[in-house]
Amino acid sequence: MKTLKQTYLNNRFFFTLFCVGFCYVLAFFFPLMMWIANSLLIFVLVLTVVDGLILFLNKEGINAQRILPEKLSNGDENSVKVDIRNNYNFNISTKIIDEIPFQFQKRDFLIQKNIESGNNTFFEYILEPKERGEYSFGSLNIYVNSPIGLVSRRFTFQKDAKLASYPSFINLRKYELMALQNEFMLGGIKKIRKLGHTMEFEQIRDYVQGDDIRSINWKATSKSSKLMVNQFQDEKSQRIMMLIDKGRTMKMPFNGLSLLDYSINATMALSHIILKKGDRAGTMTFSKKTENKVAADNRSGQLKRISEALYNVQTNFFESDFGRLYQETKFHLNQRSLVLLFTNFETLDGLDRQMKFLRGIAKNHLLVVIFFKNSEVHKVLNTNPESMQEIYDEIIGEKFEFEKKLIIQELRKYGIYSIYTLPENLNIDVINKYLEIKARGIL
């Protein structure tokens, strides 16, 4: 561990010099003060030298280590730990200034600790990243003072450490426990008849009287000169695909996170629950083209593959191409799946432009469109207006809210499910919808 050493004269030293200077001023009026001032100046200089020497006599005066997590969880509170050991044979006071990544915009980071001789001090502080990607830490700077306190010595540790911020993963265990205890589930859910094709191919065998003629494999029959049929078995797990819009509508920020970040965090939380339930989780992002594809599967390491695919996805300023998305799902999702589409429609006209593509997806899959309430509009609607401006704002807010209700009705008319939620409630709402669909057996 590389240590850089620097010496600084601190505020106590300059205050002492001020007192000496004041004595010299008094010496103009009281000659005796000149002797006192000279003696005090010599004493201060000697004490400063002694203070500097005792700080530098021990080349390894302190050891320190910044303990970082393996990776940061975006949008969550992440703990960073610092361990400092005092190797001096006297007690010290320290000021710790950690050069944390610029993305946090913390310019006043300062922690003060007193450490006894031969002892360690251990503390932690919290960082809450609002962006995915790479974060660079600067130096861990520690300023040390002896009991004399006229000189400070700086130690520098762990320069230029790098850490990646991944989609939220800290609370995955919490969501898992809630799902297993059915704390998400709403009351009144009833089992209903299953819809759609829930069988998967097992083998080709000889035709036996009573087999469904629709399962005859004509290609195999022509080769073997006898009737052959496809045999299917109950599908062992269901496929859930999460499609994330990364177009310009997902750039909108709420509480420091964009709608894209909320969607990615919800995808991670839901994927964890899906895999725990034995289903197959997959994901894909889209805008002008489809990217970051992870096929629906439940094999080992699937959650990590999804996390790596979504690690550094960014929004852009293009209008998303739903036609391209429809073509992608048509040719690559060849079995009925639960498709959760994270996007944001602000107006009914915006939905109408894409409705034919959504209907195309819903024809072969169970489609759930997820879009967002505007937190600021929601606040306006939940306050009592007092001024004309507040009344005007409420009327505009009600207009926006009414437009969203029309969107929900339009989707329902074509058999498309929807989730309309506040960004901060997204994780729980999408997990609840998934559990509801499984409980009702409608996939």
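**Note on salt bridges and positive phi angles**

1. Lys-293 counts as partly exposed, at 47% relative accessibility. The scale here: buried is under 20% relative accessible area, exposed is over 50%, and partly exposed is in between (1.4 Å probe, protein chains only).

2. On provenance: this is a predicted model, where local features need pLDDT of at least 70 and side-chain atom pairs count only at pLDDT 80 or more, while totals for chains, interfaces and linings use all residues. Residues are numbered from 1 along each chain as its sequence is written, and side-chain values use heavy atoms, with hydrogens and water left out.

3. The structure holds 16 salt bridges. The criterion is a side-chain nitrogen of Lys or Arg within 4 Å of a carboxyl oxygen of Asp or Glu. Side chains of opposite charge can pair when their charged atoms come close.

4. Lys-293 forms a salt bridge with Glu-328, at 2.9 Å from N to O. Lys-293 sits in strand E18 and Glu-328 in helix H7 (residues 322–332), so the pair links distant parts of the chain, 35 residues apart. Helices (H or I, at least four residues) and strands (E, at least two) are DSSP runs, numbered from the N terminus. Glu-328 is buried, because its relative accessibility is 12%.

5. Arg-353 and Glu-319 form a salt bridge at 3.9 Å, N to O. Arg-353 belongs to helix H8 (residues 348–364), whereas Glu-319 is in the loop between helix H6 (302–310) and H7; the pair links distant parts of the chain, 34 residues apart. Arg-353 is exposed at 52%. Glu-319 is partly exposed at 38%.

6. Lys-404 pairs with Glu-346 in a salt bridge, with the closest N and O atoms 3.5 Å apart. Lys-404 is in helix H10 (residues 388–413) and Glu-346 in the loop between strand E19 (338–342) and H8, so this pair ties together parts 58 residues apart in sequence. Lys-404 has a relative accessible area of 4%, so it counts as buried. Glu-346, at 26%, is partly exposed.

7. Salt bridges also link Lys-246, Lys-289 and Glu-291 in a network.

8. Now the backbone. Asn-292 has a positive phi of about 50°, although it is not a glycine. Asn-292 lies in strand E18 (residues 290–297). Its relative accessible area is 27%, so Asn-292 is partly exposed.

9. Gln-105, also not a glycine, has a positive phi of about 55°. Its place is the loop between strand E5 (92–98) and strand E6 (111–115). Gln-105 counts as exposed because its relative accessibility is 53%.
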